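Open the model in a viewer and keep the sequence panel beside it.

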Amino acid sequence: MSANKGLNLTLKVWRQKNQDDKGQMETYQVKDISTDSSFLEMMDILNEQLIAEDKEPVAFDHDCREGICGMCSMYINGEAHGPGRGITTCQLHMREFNDGDTIYIEPWRAKAFPVIKDLVVDRGAFDRIMAAGGFVSVNTSGNTQDANAIPIEKANADKAFDAATCIGCGACVASCKNASAMLFVSAKVSQFALLPQGQVEAAERVQNMVKVMDEEGFGNCSNTGACEVECPKGISLENIARMNREYLSASFKSEEV
């Protein structure tokens with residue numbers, strides 16, 4: 001379709017006033033949407049239209065709009081972040097849709113991600129998991145070793161970097177039939193487990209983060225693989241296997257103590 005011809009679309013948007021509200025789908029029409037527009041720009045146009053009609057705009061999260069922060073998370077036509085792979089919602093463009101399409105837009109669906117309003121969910125559970133162990137000890141005595149002077153095998157450094165690219169958007173949870181956070185937690189465990197700086201708290205880290213993950217109400221992993229497919233950063237399932245090994249090893253060490 002030519003970029004000069006705008007799209008006329010039907011939007012089915014989830015509207016929910018707060019966590020206690022039942023919520024429902026509302027139908028909106030938008031016209032002449034440029035195929036060069038991003039999905040969030042299309043949402044901006046919808047909200048401008050609603051405000052002009054003296055109606056409540058749709059609440060949705062966004063920040064950098066550069067595919068880095070993960071705030072823009074939406075469930076679009078049954079897919080986390082919508083059609084396409086390796087992109088966040090803000091990187092999704094309207095050329096992926098056709099004139100006359102009906103687009104279903106929903107928030108993440110998970111017990112641990114309660115809806116705040118409309119498409120905005122509370123992902124504070126991720127913050128609490130990170131607070132439980134997503135850090136390393138640093139010598140601040142004045143004799144701190146330069147991190148660049150610590151030898152690290154390139155293979156391990158590359159794997160740690162790949163794990164650290166996780167932006168915590170929650171697509172893995174939203175796409176998992178069990179609402180599991182295993183991919184997120186394993187990425188955060190792996191980025192430290194593969195580096196010498198992360199060895200000080202290694203055993204406590206994995207046990208504490210998994211403990212909080214379970215307490216927050218996330219489901220378990222059943223190796224479906226949807227999380228890796230929908231992850232905008234392509235975080236590998238290999239990290240889950242690594243976390244399981246780290247957890248087993250830490251459990252044995254705890255028994256020895």
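Select D32 first. In this predicted model, D32 is exposed, with a relative accessible area of 58%. The residue sits in strand β2, which covers residues 24–33. Check its backbone torsions: phi is about 55 degrees, a positive value, although D32 is not a glycine.

Next select A179, which also has a positive phi without being a glycine, here near 50 degrees. Is A179 buried or exposed? A179 is buried, at a relative accessible area of 15%.

Select C172 and show its sulfur. How far is the sulfur of C172 from the closest cysteine sulfur? The distance is 6.5 Å, to C227, and that is too far for a bond, because a disulfide needs the two sulfur atoms within 2.5 Å. C227 is in no disulfide either; its nearest cysteine sulfur belongs to C221, 6.2 Å away. Both C172 and C227 are covered: C172 is buried with a relative accessible area of 9%, and C227 counts as buried at 12%. Over the structure as a whole, the number of disulfides is zero.

Now select helix α2, residues 124–133. Which residues of α2 are buried? They are G124, A125, F126, I129, A132 and G133. Colour these six apart from the rest of the helix. An α-helix has 3.6 residues a turn, so residues three or four places apart point the same way. Then display what lies over them: the cover of the buried α2 residues includes α4, α5 and α6 (202–215).

Follow the chain out of α2 and select T144. This residue is in the loop between α2 and α3, the latter spanning 154–164. At 44% relative accessibility, T144 counts as partly exposed. Show the residues that T144 touches: leaving aside those up to four places away in sequence, they are V138 and N139.

Zoom out and colour by domain. The domain assignment gives domain 1 as 7–116 and domain 2 as 123–253. To see where the domains meet, select the contact, which takes 19 residues from domain 1 and 18 residues from domain 2.

The last stop is the whole chain. Show it as a cartoon: the secondary structure comes to eight helices and seven strands. Along the principal axes, the C-alpha atoms fill a box of roughly 65 × 40 × 40 Å. What share of the 257 residues counts as buried? The figure is 44%. For contacts between residues at least 6 apart in sequence, 69% join residues at least 24 apart.

Switch to a surface view. The accessible surface of the chain comes to about 13,200 Å², and 48% of it belongs to carbon and sulfur atoms. Finally, colour by charge. The chain carries 25 positive and 37 negative charges, and their mean positions are 3 Å apart.

Conventions: Residues numbered from 1 in each chain as written. Predicted model: local features only at pLDDT ≥ 70, side-chain atom pairs only at ≥ 80, totals over all residues. Heavy atoms only, no water. Helix = DSSP H or I, 4+ residues; strand = E, 2+ residues; numbered from the N terminus. Buried < 20%, exposed > 50% of the residue type's maximum accessible area, 1.4 Å probe, protein only. Contact = heavy atoms within 4.5 Å. Areas by Shrake-Rupley, 256 points an atom, 1.4 Å probe, with all protein chains shown as cover. Lys, Arg positive; Asp, Glu negative; His and termini not counted. Charge placed at Lys NZ, Arg CZ, Asp CG, Glu CD. Domains from an automatic or database assignment.
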